[in-house]
Amino acid sequence: QGERRLGHNVTVTYYAQHQLELLNPANTVLDEMVQIAPMEDLSFLRAILGRFLFSGDDVKKKVAVLSGGEKSRLALARMLIRPANFLLLDEPTSGLDPASARHMRDLVLGLRRAGRAVLVSTHNLVEAEELSDRIAVLKTDLLALDTPAMLRRRLSGARVTIEVEGD
């Protein structure tokens with residue numbers, strides 16, 4: 001429950017894990033981009049794909065043979081074909097192998113350096129700290145909101161005790 005009011009000239013785009021399911025397995029990587037932006041020049045679409053590590057013959061690969069990390073990169077490239085200055089990313093590294101997750105985090109950091117506002121939803125606190133200027137900890141309600149360093153300082157010394165019963 002709440003209210004959302006966008007500021008002047010704010011354009012929003014959203015990335016979620018389910019977007020991988022929207023990719024057509026019969027299409028090539030380049031076909032997926034053309035489907036989103038049919039009026040764009042192919043060299044422009046190839047350039048965008050190159051920033052997501054799809055170069056040369058990679059753009060001719062069928063979606064069906066792509067790894068999970070490649071599909072995530074393609075879905076993010078599709079999302080970014082249209083300019084947006086506010087990105088909502090829901091669990092962008094969930095289910096990715098470590099190398100693909102690292103690359104996805106690097107892409108997010110690059111977007112931030114390019115001046116885009118990024119809101120990331122994640123269960124990975126290390127990732128949240130790496131990608132964020134501020135972290136909100138939620139459990140139905142807002143539990144904490146601060147910079148990663150301040151949250152760490154405030155919560156240092158906090159302990160979790162695990163008791164195991166059994167033989």
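Is Arg 4 exposed or buried? At 65% relative accessibility, Arg 4 counts as exposed. Here, buried means under 20% relative accessible area, exposed over 50%, and partly exposed in between, with a 1.4 Å probe and protein chains only. The model is predicted, so local features need pLDDT of at least 70, side-chain atom pairs count only at pLDDT 80 or more, and totals for chains, interfaces and linings use all residues. Residues are numbered from 1 along each chain as its sequence is written, and side-chain values use heavy atoms, with hydrogens and water left out.

Arg 4 lies in the segment before β1. Helices (H or I, at least four residues) and strands (E, at least two) are DSSP runs, numbered from the N terminus. The C-alpha atoms of Arg 4 and Asp 106 are separated by 29 Å. Along the chain, these two residues are 102 residues apart. Asn 9 is also found in the segment before β1. Asn 9 counts as exposed, at 58% relative accessibility. Its phi is near 65 degrees, a positive value in a residue other than glycine. Most residues other than glycine have a negative phi.

The strands come next. An open sheet of 3 strands has the order β1-β2-β3, with parallel pairing. Two strands pair if DSSP finds at least two bridges between them. β1 and β3 (117–121) are the edge strands, and each pairs on one side only. Neighbouring strands of this sheet are turned by 15 degrees against each other on average, direction ignored. For such angles, axes are lines fitted to C-alpha atoms, for helices over the stretch in contact, and values run from 0 to 180 degrees between N-to-C directions.

β1 and β2 run parallel and are joined by 4 bridges. Within this pair, Tyr 14 has Leu 88 of β2 as its bridge partner. β1 has two faces: Thr 13 and Tyr 15 form the covered one, Val 12 and Tyr 14 the uncovered one. On the other pairing, β2 and β3 are linked in the parallel sense over 5 bridges. The bridge partner of Asp 90 is Ser 121 in β3.

Two helices pack on this sheet. α3 touches β1 and β2, and its direction makes about 165 degrees with that of β1. α4 touches β1, β2 and β3, and its direction makes about 150 degrees with that of β3. Contact means heavy atoms within 4.5 Å.

α3 (68–80) has 13 residues. From its first C-alpha to its last, α3 reaches 18 Å, close to the 18 Å expected at 1.5 Å a residue. The expected span is 1.5 Å times one less than the number of residues. α3 is mostly covered, with 11 of its 13 residues buried. Among them are Gly 69, Glu 70, Arg 73, Leu 76 and Met 79. What covers the buried residues of α3 includes β1 (12–15), α1, α2, β2 (86–90) and α4.

Helix α1 spans residues 29–36. Its buried residues are Val 29, Leu 30, Glu 32 and Met 33. They cover an arc of only 155 degrees around the axis, which puts them on the same side of α1. The arc is that of the directions from the helix axis to the C-beta atoms. The buried residues of α1 pack against α2 (42–51) and α3.

Helix α4 covers residues 98–113 and contains Ser 100. Ser 100 is buried, with a relative accessible area of 13%. A polar contact of 2.8 Å joins the side chains of Ser 100 and Asp 97. Such a contact is a pair of N or O atoms within 3.5 Å; within protein, one must be able to donate a hydrogen and the other to accept it, and residues adjacent in sequence count only if both atoms are side-chain atoms.

Glu 91 is found in the loop between β2 and α4. Its relative accessible area is 12%, and Glu 91 is buried. Glu 91 has a positive phi of about 50 degrees although it is not a glycine.

β4 (residues 135–139) and β5 (residues 141–146) pair in the antiparallel sense over 5 bridges. Val 137 has Ala 144 of β5 as its bridge partner. β4 and β5 form a hairpin with 1 residue between them. In the turn, Thr 140 has a positive phi of about 70 degrees.
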